[in-house]
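Here is a short note to read beside the model. Keep the structure open as you go through the points.

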Amino acid sequence: MAEEYLEQIIDEIYDICTRGIDWPHNFSPDQRIKMLQNLINYYQAQDTENGYKKCAKLRDIIKMIELFKARSADRDLLRSGSVDIFEN
């Protein structure tokens with residue numbers, strides 16, 4: 001019975017994460033990635049076709065978060081003035 005509730009809760013978290021709803025502002029990109037990775041670990045342990053499909057979607061979201069982090073870091077670096085983009 002407890003495992004059924006756990007599965008329902010995890011599936012609900014998956015639905016929330018994959019609907020594109022804004023994350024809380026105090027939830028850092030690293031925290032988001034860690035939570036999504038935990039979901040991936042859970043679905044991999046289930047070893048089902050549906051679980052692996054969910055893993056693929058979660059990995060895509062992680063890639064988007066990592067891309068966002070990289071772009072934000074580039075923007076911050078350029079704003080700081082510590083990089084000369086015209087330097088050879």
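1. Aspartate 11 counts as partly exposed, at 22% relative accessibility. The cut-offs are under 20% relative accessible area for buried, over 50% for exposed and in between for partly exposed (1.4 Å probe, protein chains only).

2. This is a predicted model, where local features need pLDDT of at least 70, side-chain atom pairs count only at pLDDT 80 or more, and totals for chains, interfaces and linings use all residues. Residues are numbered from 1 along each chain as its sequence is written, and side-chain values use heavy atoms, with hydrogens and water left out.

3. How many salt bridges does the count come to? It comes to four. A salt bridge here is a side-chain nitrogen of Lys or Arg within 4 Å of a carboxyl oxygen of Asp or Glu.

4. Lysine 54 forms one with aspartate 11, and their closest N and O atoms are 3.2 Å apart. Lysine 54 lies in helix α3 and aspartate 11 in helix α1, so the pair ties together parts 43 residues apart in sequence. Helices are DSSP runs (H or I, at least four residues), numbered from the N terminus. Lysine 54 is buried, with a relative accessible area of 13%.

5. Aspartate 30 and lysine 69 also meet in a salt bridge (2.5 Å, N to O). Aspartate 30 is in helix α2 (residues 29-46) and lysine 69 in helix α3, so this pair ties together parts 39 residues apart in sequence. Lysine 69 is partly exposed at 31%.

6. Glutamate 49 and lysine 53 form another salt bridge (3.5 Å, N to O). Glutamate 49 is exposed at 60%, and lysine 53 is exposed at 54%.

Methods. Helices (H or I, at least four residues) and strands (E, at least two) are DSSP runs, numbered from the N terminus.
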